[in-house]
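Hello,

Here is the structure I promised to pass on. Please open it first, then read the notes below it.

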Amino acid sequence: MKKIGLYTKKVLEHFKNPHNMGKIKNPDGVGKVGNIVCGDEMWLYIKVKKDKGKEIISDIKFETYGCVAAIATSSIITDLAKGKTIEEALKIDKKEIVEALEGLPPVKLHCSVLATDALYEAIYDYLKKKKRKIPENLEKIHQRIEKERKIIEEKYKEWIKFEESIKENKKAEG
Amino acid sequence: MKKKIYLDFAATTPVDQRVKKAMGPYFSEKFGNTMSLHSFGQEAKTALEESREIVADLMGAKPNEVIFTSSATEANNFALKGIAFANKDKGNHIIISSIEHPCIIESANWLKTQGFEITKIKVNKQGVVDLKELENSIKKETILVSVMHANNEIGTIQPIEKISKIIKTQSYKLKAKTYFHTDAAQTFGKIPVNVKKLGVDLMTVSSHKMYGPKGVGALFIKEGTKIIPLLHGGGHEMGLRSSTVNVPGIVGFAKACQISKKEMGNEAKRLKKLKEKLVKGVLSKVKGSHFVGDLKNSLPNIANFWFEGVEGESIVIELDLLGIAVSTGSACSSEKLQASHVLLACGLKPWQAHGSLRVSLGRFTKEKEIDYFLKVLPKVIENLRKISPFKGNFES
């Protein structure tokens with residue numbers, strides 16, 4: 001494993017020249033995960049084509065706000081998912097991402113979860129739009145992501161309330 | 001060869017060659033233990049006491065008011081814990097600002113677990129402490145107020161003299177005995193710092209922030225101050241800090257003080273000009289860029305910005321790949337995954353703090369390095385915005 005400072009060479013390659021960066025017009029599925037309050041947000045777009053009765057991710061693109069690891073995991077997951085069937089794509093896990101990047105610093109491992117979550121959410125969105133049955137496992141993952149999103153939103157609301165109360169106190173004093 | 005440009009002098013500074021030269025003999029030739037009675041020991045002891053005079057001189061203190069430590073972190077721990085436990089018969093209340101260095105905040109948090117009450121004073125958008133809140137917070141039980149001289153992330157200089165007056169007036173009124181400590185790790189050696197003028201009872205300074213070696217700091221303790229040591233042992237440093245004395249480091253720190261005393265005036269002017277150029281350049285060349293801090297009342301060498309739509313760690317690493325070293329207050333760069341408490345205290349939203357960048361200049365910064373930084377930064381930000389779903393809320 002070659003490392004330059006904190007990150008492996010592979011991570012920095014993907015960070016410097018991310019693959020499949022940008023938006024897809026009229027995507028078949030979109031996955032939006034992370035939160036800018038926490039410092040990273042990942043948007044993943046997929047296009048699905050039918051080929052010999054199989055649904056294949058024919059195109060995939062991402063937009064990410066975040067650190068080097070967040071950008072590199074976004075880039076690598078598009079490589080890993082492109083050309084795969086929906087079933088195959090749902091088998092991509094964080095371990096595969098970390099291995100493909102030749103390692104991530106321990107404090108950045110959560111970025112690999114963010115990338116798989118973005119992909120799972122995009123597939124969930126696709127299946128939902130098509131009014132198809134959601135696999136049990138995918139439904140569970142979706143529920144977890146929704147729950148986490150709500151927790152962050154609640155936390156953030158409290159933070160805003162706290163800020164406003166300070167401002168009001170100031171007004172009252174002044 | 002790729003250019004290497006260091007713009008992170010607030011993190012640490014390289015040792016000045018003159019300092020290195022002064023330290024040289026104290027490793028293998030004049031290696032004695034300051035506590036030994038023989039000539040080896042006395043040679044080291046003489047070097048230690050001469051160094052103490054030089055460091056004391058730069059801060060306008062008496063030599064016996066300067067206690068050498070291993071770092072500013074140790075000096076800050078010593079100030080807070082030493083004052084707290086020595087004066088707990090008088091009270092248990094300690095006041096700090098909300099933008100102190102982690103070694104002050106964490107010391108205060110620990111003291112809280114030991115039964116002390118801690119008040120954290122808020123700051124305004126420029127990072128200046130709220131003097132009214134500070135005044136109202138002082139009570140009979142207040143034994144210590146600690147407010148840093150200048151902040152390490154945004155460079156804002158606090159009105160230490162005013163704070164000193166407020167503390168004196170209030171503690172007199174309330175018949176309290178309140179000590180005043182300031183952490184001057186970022187200012188000492190860069191701008192004039194005089195303990196009498198500032199009106200402080202304790203002050204922390206650091207060697208490696210001013211071209212001296214790492215592993216050396218000092219705490220100024222005004223004569224008559226009631227304090228207990230952190231380190232007990234052989235009674236070094238007037239019984240206030242036992243531990244075999246780091247003579248080469250202290251000799252280096254003293255040399256750094258001598259150099260600063262001579263060069264500080266011109267150097268501060270030179271850096272101020274460079275910083276003005278830097279700030280103007282960034283704000284005019286990069287759309288969606290914002291300055292954080294106080295342009296007028298701040299250190300001549302620290303500038304802090306945040307950029308819309310991009311995250312700080314990515315900026316730091318992209319600049320590092322181009323040979324430029326800077327730092328960020330983004331959560332992604334910290335072990336705790338939390339955005340800088342300083343930037344949040346100044347009113348930045350978390351996503352604004354995540355896009356922050358600190359550029360800090362120093363003795364070896366050349367104008368052409370600032371020019372190069374200003375040349376490459378807009379492209380770096382633009383590249384990252386291309387990747388980001390948030391392109392910024394500015395006119396493009």
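**What I found**

Just after helix H10 of chain B, B:Gly323 has a positive phi of about 90 degrees. Please keep in mind that this is a predicted model.

H10(B) itself is mostly covered, with eight of its ten residues buried. Among the buried ones are B:Ile315, B:Val316, B:Ile317 and B:Leu319. The list also includes B:Glu313 and B:Glu318.

Most residues other than glycine have a negative phi. Two exceptions are worth a look.

A:Glu102 has a positive phi, near 60 degrees. In chain A, A:Glu102 sits in the loop between helix H4 (94-100) and helix H5 (110-129). A:Glu102 counts as partly exposed because it has 15 C-beta neighbours inside 10 Å.

B:Tyr211 is not a glycine either, and its phi is positive at about 70 degrees. The loop between E7 and E8 of chain B holds B:Tyr211. Is B:Tyr211 buried or exposed? B:Tyr211 has 28 other C-beta atoms within 10 Å, so it is buried.

**Where the chains meet**

**The largest core**

In soluble globular proteins, nonpolar side chains tend to be buried together. Here the largest nonpolar core has 159 residues. A:Leu44, A:Leu119, B:Met59 and B:Phe220 have the most contacts inside this core. Helix H9 (residues 247-285) of chain B contributes the largest share, twelve residues. Domain 1 and domain 2 of chain B both give residues to this core, so it lies between them.

Which residues does B:Met59 touch beyond its neighbours within four places in sequence? Its contacts are B:Phe188, B:Val193, B:Asn194, B:Val195, B:Met203, B:Val205 and B:Phe220.

**Strand E8 of chain B**

E8(B) is mostly covered: five of its five residues are buried. B:Gly217, B:Leu219 and B:Ile221 point one way from E8(B). B:Ala218 and B:Phe220 point the other way.

E8(B) has two antiparallel partners to look at. Strand E2 (residues 66-69) of chain B runs antiparallel to E8(B), joined by four bridges. There, B:Thr69 has B:Gly217 as its bridge partner. Strand E7 (residues 202-206) of chain B pairs with E8(B) over five bridges, again antiparallel. In that pairing, B:Thr204 bridges to B:Leu219.

B:Leu219 lies in strand E8 (residues 217-221) of chain B. It is buried because 26 other C-beta atoms lie within 10 Å. Leaving out residues up to four places away in sequence, B:Leu219 touches B:Ile67, B:Thr69, B:Ala75, B:Phe78, B:Ala79, B:Leu202 and B:Thr204. B:Phe373 is 154 residues from B:Leu219 in sequence. In space the two are 36 Å apart, C-alpha to C-alpha.

Strands of a sheet pair through backbone hydrogen bonds, either parallel or antiparallel. In chain B, three strands form an open, antiparallel sheet in the order E9-E10-E12. Which strands are at the edges? They are strand E9 (289-292) and strand E12 (356-360) of chain B, and each pairs on one side only. The twist averages 30 degrees from one strand to the next. E10(B) and E12(B) share five bridges. One of the bridge pairs is B:Ala303 with B:Val359 of E12(B).

Best wishes

Technical notes
Residues numbered from 1 in each chain as written. Chains lettered and ligands numbered in written order. Predicted model: local features only at pLDDT ≥ 70, side-chain atom pairs only at ≥ 80, totals over all residues. Core = buried A, V, L, I, M, F, W, Y, C linked by C-beta atoms within 7 Å. Buried ≥ 20, exposed ≤ 12 C-beta atoms within 10 Å, placed from the backbone. Domains from an automatic or database assignment. Contact = placed C-beta atoms within 7 Å. Pairing = 2+ DSSP bridges. Axes fitted to C-alpha atoms, helices over the stretch in contact; angles between N-to-C directions.
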